[in-house]
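The sequence and the coordinates are shown first.

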Amino acid sequence: MDEGLRARGVSQRFGSRVVLDDVDLDVPPGRVIGLLGPNGAGKTTLMRILFGVLQPDAGTVEWKGRRATDDDRRSWGYMPQERGIYRDMRVHDQLTWIARLHGLDKAAGAAHATDLLERLGLADRAKDKVGDLSGGMAQRVQLAAAMVHEPDVLVLDEPFAGLDPVAVEFLSNVIVEHVRAGRLLLLSSHQLDLVENLCETITLVHHGRVVLRGDVRALKAASPDRYLRVDVTVEPEWLGRVDATIASSDASGSRLRLASSTDATAALDAVRAHATVTDFGVEAPSLSELFLRVAGESAEALHDAEATA
Amino acid sequence: MNAFQATWLVAGRELRESFRRKTTWIIIAVLLVGSTAAVVIPDLVGKDGPTSYDVAVVGDATTFGPTLVAIGPAIGAEISITKIADAADARARVDHGDVAVAVLLGDDPTIIVRSGEHGQLVGAASQALATQALSQALASAGLSDAQIAKVFDIRPVRLEKVATETASRRGASFALSLVLYLLSLTVMIQVANGVATEKSNRISEVLLAVVRPGPLLFGKVVGVGLGGIAVLAAALTPPVVKLAVGGNLPQGLGGALAGSMIWFVLGLALFLTLAGSLGALVERQEEVSSVMAPLTTILVAAFIVAQSSADSSLGTVLAYVPLTSPLMVPTRVAIGVSSPLELVVSVVLLILAIGLVVRVGSRIYGRAVVRTGRRLKLRDVLASFDNRVA
Ligand SMILES: Nc1ncnc2c1ncn2[C@@H]1O[C@H](COP(=O)(O)OP(=O)(O)OP(=O)(O)O)[C@@H](O)[C@H]1O
Ligand SMILES: [Mg+2]
């Protein structure tokens, strides 16, 4: 696979804390790649290393089969987790300037900026200062800054943080459009449920180590776990002798993790004996359930991590 | 895109944005008006008439008085003579400033003047004394009054000064140093603030993914520095224009100006690069002035030494030290105590220092701007270099 971007054996320490430990990452073209993991897993650190913002203690970043150079990196696009933009600069000026830093000439940069603002629904704010825009709009300008030079490689660190559902939908479309054109895309998220249906391939990191990687559908299919979803909130004593545990419960109902010997209909009957079930399904694990299994941690730990983000 | 183009793009943004701000134009306007006034007003006032001097004379002034009065126009002055009976009284009047100069005539003529003042008038008085002595000698040699008058009937020589007086050179260099010093200080804070803002707004990470730290830091230095020089140009245009059209500018300003520029520009590059690196260490904008304190202290100290004792041995040593030479050398040139060797060595050291500071500074900058969460110590950042090597 010589056309992609990859990291090999990347390790990084900060003082005595090991933040990345021998991490490999592959980003092939044409697929949405997710770099996932809870807070503090090392996702941002890895992305910074990809872009040469940090020099790793060990490991290499390769592009098209050879070591990535500064010039290679300049052709990529990066939206960091900590959004950064000149607040007192006008939107269009800023995008044009960033395009020029990426090596475009002034006219081409300005034309790209105009096109992109049009696409992102910001055409009428082109002459405003970024500081005068709403948070969501500034977020779109940030995305525009990462894309204004039409990069082949787009790396988005926590792109969905702080977005409303409409904006999430919009950004998802931009991402899918980008990869459908045969380009590369890497995004990170600690909210596994949010990117469940967007990421096609994932690399899951935990405490700086890769704990799971591969095609999402294949990973789910390969998992021996099965879950029964019901639209009622199940109490533990309802299950009786059925070998199943309550994986999670929320306002929309419960998910029961079934032991490999358990028949799904037996579990469903046990629940139906106590409440009326109008909607149910037998499902493969979700991304967070896959993560919990490999990480061997309690559901609370992940939820706590998501809540503090 | 090479490092030079990147530097220029970063500098260009800095300049464009600064000239888009209203405050920049206000500062330029104020300086331009102030500096024009400073050049033009003394001229207008000065044109009211020649300077007038009171000269006290003790003794028989029948020849001396008229001779001195006649020399007056040659030094652009109107001289009036006051006869005083007694030498002690004359001395007291000079001391109080009632008269500019007192002249004691007699066998052993003496000119009394407050030290350092009225150089031209003293010259005129000596000339008048010489003339008087000569005419007495001619008279005792037997020439008639008419013949003597004929001897002296030559137009007084017009005095044209070429050599500059140390005092006025010092004055000019002080004014210039003050302007340069204040400007350096302002621009330095501006660079450190700019870097700190970029760090706290997290723009640095976006930029570092595209541009190496070196061009990013030096681009800012060049951009803000050129902005500062543009402001300086506004302040210096009126005196330079006047110099060019041949007005009588305070002597010494021209030379000091040209000489200072090399050290000023190089010194600015050095100070601004340091300021940018230090600015990268802060976590919040408010910490900028405290992190800059060592640098501003050096600048203030160098300025004070330059203005008070540039010709001392301390001044001589500091003229070679890269951080202090930008302030020391122009003053030493202005008062004429520097040697060509000193100039060459000091420029070379300064350029080497800039090279070193850009290298080390951009590494500090590159490391520090992505380390947020707390105020960094220079030691922490430097320690992470060793980490890399080990
Ligand atoms: N410059 C730095 N200096 C010291 N420690 C750092 C630095 N950058 C990151 N760390 C530490 O490295 C660890 C991983 O941080 P990183 O930002 O990569 O995590 P993340 O996976 O992006 O987390 P999140 O989901 O919260 O964004 C954290 O413990 C963090 O404190
Ligand atoms: Mg992160």
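## Helix packing and interfaces

H3(A) and H1(B) are roughly antiparallel to each other, a class that takes angles over 145 degrees, whereas angles under 35 degrees count as roughly parallel, 65 to 115 as roughly perpendicular and the rest as oblique. The model is predicted: local features need pLDDT of at least 70 and side-chain atom pairs count only at pLDDT 80 or more, while totals for chains, interfaces and linings use all residues. Residues are numbered from 1 along each chain as its sequence is written, chains are lettered from A and ligands numbered from 1 in the order in which they are written, and side-chain values use heavy atoms, with hydrogens and water left out.

Two packed helices are described by the angle between their axes and the distance between the axes. Here the axes are lines fitted to C-alpha atoms, for helices over the stretch in contact, and angles run from 0 to 180 degrees between N-to-C directions. Helices (H or I, at least four residues) and strands (E, at least two) are DSSP runs, numbered from the N terminus.

| Helix pair | Axes come within | Crossing angle |
|---|---|---|
| H3(A) and H1(B) | 10 Å | roughly 165° |
| H3 (residues 91–101) and H5 (residues 135–147) of chain A | 9 Å | roughly 25° |
| H1 (residues 3–20) and H9 (residues 213–244) of chain B | 7 Å | roughly 40° |

Within chain A, the axes of H3(A) and H5(A) cross at roughly 25°, which makes H3(A) roughly parallel to H5(A). This crossing is right-handed as well. A:Val91, A:Leu95 and A:Ile98 of H3(A) form the contact with A:Val141, A:Ala144 and A:Ala145 of H5(A), and its residues comprise six nonpolar, no polar and no charged.

Within chain B, H1(B) and H9(B) cross at roughly 40°, so H1(B) is oblique to H9(B). H1(B) and H9(B) also form a right-handed crossing. The contact includes B:Trp8 and B:Phe19 of H1(B) and B:Phe218 and B:Leu226 of H9(B); it divides into 14 nonpolar, four polar and two charged residues.

The size of an interface is often given as the accessible area lost when the parts come together. Chain B and chain A bury about 2,700 Å² between them, 53% of it on carbon and sulfur atoms, where buried area is the accessible area (1.4 Å probe) that two parts lose on being put together, summed over both. In this interface 23 residues of chain B are in contact with 32 residues of chain A, contact being heavy atoms within 4.5 Å. B:Arg13, B:Glu205 and B:Val210 supply 21% of the area that chain B buries against chain A.

Key:
Left-handed = near helix turned anticlockwise from the far one by under 90°. Nonpolar A, V, L, I, M, F, W, Y, C, P; charged D, E, K, R; others polar.
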